[in-house]
Amino acid sequence: MKFRSHTLENGLEIVAECNDKAHSVGLGFFIRTGARDETDDVSGVSHFLEHMVFKGTPRRSADDVNREFDELGAHYNAFTSEENTVYYASVLPEYQEPVIDILSDIMRPSLRDEDFNMEKKVIIEEIQMYADQPPFGMDDRIKELHYGHHPLARSVLGTEFTVGELAVDQMRSYFESRYASDNMFVAAAGKVDFDALVKQVESRCGSWKPSLTLRDLPPYESQSSFQCVPRSASTQQYILQLADAPAAEDSRRFAAKLLATMFGDDSGSRLYWELVDPGLVESASLGHYEYQGAGMYFSWLSCAPEDAVENFSRLSELQHIAQEKGFKAEELHQAKSKVKARVVLGSERPRNRLFNVGGNWLQRREYRSVDDDLKAIDAVTLDDIEGVLKEFPINRHTTVTVGPLEKWPT
Amino acid sequence: MTATQDKTKQTTIFTHRLANGMTLVGEPSDSVQSAAITLLVPCGYSADPVDQQGLASVLCDMVLRGAGRRDGRSLINDLEVLGVERGESVGASQTSFSAATIAENLSEMLAIYADIVRRPRLPEDQLSAAKLVCLQEINSIEDEPSQRLMIELRKRTYPEPWGRSSHGSEAGIAIIESSDIQGHWSRYYRPNAAILGVAGSFRWEQLLEQVEALFGDWKASDVPMIVERQSDQSTPHIEYDSNQCHIGIAYPSVPYRDPNYLRAWAAVGILSGGMSSRLFTEVRERRGLCYTVSASLQTQLDRARVLCYAGTSEERAQETLNVTFAELLKLRNGILPEELARLKARIKSGLIMQQESTSSRSGSIAREWYHLGRVRTLDELGKLVDDLTGPMINEYLEAHPPQDFTFATLGPRPLELPCEIS
């Protein structure tokens, strides 16, 4: 595997991990924009725009876009998060150019009024769908409680109201400032013809303008609180927790990931043995998520409402024990084996490598090979884990619980 | 187009039948670092006693609570130290154990799985925990409206016991005792009809030798035939307090081993596969009626159904149902050549990309053996796709038009169900 990169004159970067042994190629446009770059009056615009990008260009109707992707046998999709919007496709290597042609074309969408109004309905359906599913919108609520007015607290979907009120012109101006050549890049992985890729991207995207857009990165002061939200239609009680953790640019993130694996992986972790294996909860887990300038531990527990208080106090006790006493060498060894195997197994698919290469470039403008990650995982010591616990206590958190409980018994 | 023939690496698929009836299917590859297994044990939910639905599911949880010389904790921990990514599921006719790891750990992983299926400890003091785990799963589905709807749809469209929920029922799980677990395991966890699929970096001769040593002396056992009966027809609507209304439509199709299967599968692919497919285009893109709409062909050994799903806000639910249903009827008029060309491109790139995952290969070859009693290479499958023509699919659709529909809905209010026009 070989890393290659190139920057066009307008600032558009092209990065690729080339692997001649692969059967397919994964290609994507990564835009440095997401919910955190929005303002109140356009809440949800990044995600809505992601849908609109598939609705056609001056050269292609929406039907053409879908049809042409399918003609190439492409496996393609897009997603929007708090800080990025990603469009990707996996194809057989001979379709590298045609798929780049479609992807680069749709990066300059027409944003037509009638498509905007039609797609608005789909977005509202999507919002309603998530509102009916656990955690019933509480993932947004907990970010608001934890981060207050910090941009990371913004909802990716927005609400029925904000999306309903959004005008197409607002989307157009958001697009102009965010989808600029210096605020996005092309990533590729698998059987990539890199020299050809540079030419293919240059000829299609070389005339795009930079905008010198910057992301606002205010410091945050997280809050610690507890909220119980009654929802009588639910069967189970859900408990969500958010705590501060190492950020994307913090090298301690590897220790944080191993810590999360030891404490709250969905199998073989402390939460697994104490809560899941005995059947006390439906699920209990802890994961580490990284953003620019902030990281988070996100915990999730779901169980019968009548057992919620007891399970919650057990969870708190386990967090307290981990915080005070740390972890054992064999736990760390097991977590490392597991995480390393996941890295290796995941690396066999070019599509997975695409997200890895793209993710590293988004967060740190760096390339990390599979070996780099394996070494970083191996290098973590129990002292590192202790250091992370000290700096980012897992028992200082914001909690939101939602379910049939009218109020949390004290 | 013959992309598949050119692009798939010429792989060989080896098969071997042990004297006790267990089948080993292996596809070695030297271009990957991993190895994966899929072990299909002939213990599905269809064999659960009618008053103990969920028995196979509880048993599946129990076999992981210690096996051979390991107790439950060391079993899971040892698998994790080997870097094993694992998953278990209970289907209509089988319990499936899948596991993948880096190639050098294959043989150790395999030995642990032999313990799990052949020498589980089935500890009595863990039964209540195992039952609780299974009950938790049932409760969690109550909060997942789309899953609940599809369980109901399957129940309504299949004859008993084929449409049961693999999770079983609360009442069924409640009365399970340790002797039931022991009895069910000794009867149903058996080599005859068991299939082990292995894909990835390994040597066939070596694997064969190890599998003979691990499973060769496993004793065969006979099980009673499954008796099929009409399922109880409940009302098609489940009242549910939600924003969206969930719609399910099912109709019969042909199972995997039927010579027409590929045609039936292709027809469903034209309905729902890729964003230019009919349902996505007509229901979502043109009308903005919903976020999710899909159809898939679900096959068991002797029967199959096409299952369609759409989720939409209540006020647009009736229109969504009508438009979706109209597309199913329209399929009777046949498909267009350009639709088939797109579908072929998707299938073929899918086949080639499948080589990039040893987990999905081990599962595919094990299931092929289950359905066909033989395994085709990706190369052969590619040729079959190449040979598929529009007239072949249209002929099939003419002989087997979508009909005999079953409906299920879940939401605040029932919908008006279409009368079938034939």
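Two residues count as being in contact here when their C-beta atoms, placed from the backbone, lie within 7 Å. Seven of the eight residues of α1(A), which runs over residues 45–52, are buried, so the helix is largely enclosed by the rest of the structure. The buried set is made up of Val45(A), Ser46(A), His47(A), Phe48(A), Leu49(A), Glu50(A) and Met52(A). What surrounds them comes from chain A: the buried residues pack against strands β4 (75–80) and β5 (85–91), and against helices α4 (113–131), α6 (160–165) and α7 (168–178).

Stepping back to the whole of chain A, the secondary structure amounts to 15 helices and 11 strands. The radius of gyration is 22 Å, close to the 22 Å that the globule rule gives for 410 residues, so chain A is as compact as a globular protein of that length. Along its principal axes, the C-alpha trace of chain A spans about 60 × 50 × 35 Å. Of its 410 residues, 52% count as buried. Contacts reach well along the sequence, too: taking those in chain A between residues at least 6 apart, 82% join residues at least 24 apart.

Chain A also holds an open sheet of five strands, ordered β7-β11-β8-β10-β9, with mixed pairing. The edges are taken by β7 (226–230) and β9 (283–291), each with a single partner strand, so one side of each is left without a neighbour in the sheet. On average, and ignoring direction, neighbouring strands are turned by 15 degrees against each other. Within this sheet, β8(A) (residues 237–245) and β11(A) (residues 397–403) pair in the antiparallel sense over six bridges. One residue to look at there is Leu242(A), whose bridge partner in β11(A) is Thr398(A).

In soluble globular proteins, nonpolar side chains tend to be buried together. The largest nonpolar core in this model has 116 residues, and those with the most contacts inside it are Val99(A), Leu103(A), Ala187(A), Ala188(A) and Ala267(B). Helix α10 of chain B (residues 261–271) supplies the largest share of this core, eight residues. A second, separate core of 68 residues includes Leu18(B), Val25(B), Leu59(B) and Ala92(B). As for Leu103(A), leaving aside residues up to four places away in sequence, this residue touches Leu27(A), Phe29(A), Tyr87(A) and Ala89(A).

Over in chain B, helix α3 (residues 72–81) is mostly covered, with seven of its 10 residues buried. These are Gly72(B), Leu75(B), Ile76(B), Asn77(B), Leu79(B), Glu80(B) and Val81(B). Their packing involves both chains: the buried residues of α3(B) pack against α12 (329–346) of chain A, together with β4 (66–67), β5 (70–71), β6 (85–90) and α4 (106–118) of chain B. Just after this helix, Gly83(B) takes a positive phi of about 75 degrees.

The predictor gives the complex an ipTM of 0.94 and a pTM of 0.95. In chain B the mean pLDDT is 94, with 97% of residues at 70 or more. Residues 1–7 of chain B are another matter, with pLDDT below 50, although this stretch has 17 contacts in the model beyond near neighbours in sequence. Where pLDDT is low, the predicted coordinates should not be read in detail.

Note on methods: Residues numbered from 1 in each chain as written. Chains lettered and ligands numbered in written order. Predicted model: local features only at pLDDT ≥ 70, side-chain atom pairs only at ≥ 80, totals over all residues. Core = buried A, V, L, I, M, F, W, Y, C linked by C-beta atoms within 7 Å. Buried ≥ 20, exposed ≤ 12 C-beta atoms within 10 Å, placed from the backbone. Helix = DSSP H or I, 4+ residues; strand = E, 2+ residues; numbered from the N terminus. Rg over C-alpha atoms; globule rule 2.2 N^0.38 Å. pLDDT = per-residue confidence, 0-100. Pairing = 2+ DSSP bridges. Axes fitted to C-alpha atoms, helices over the stretch in contact; angles between N-to-C directions.
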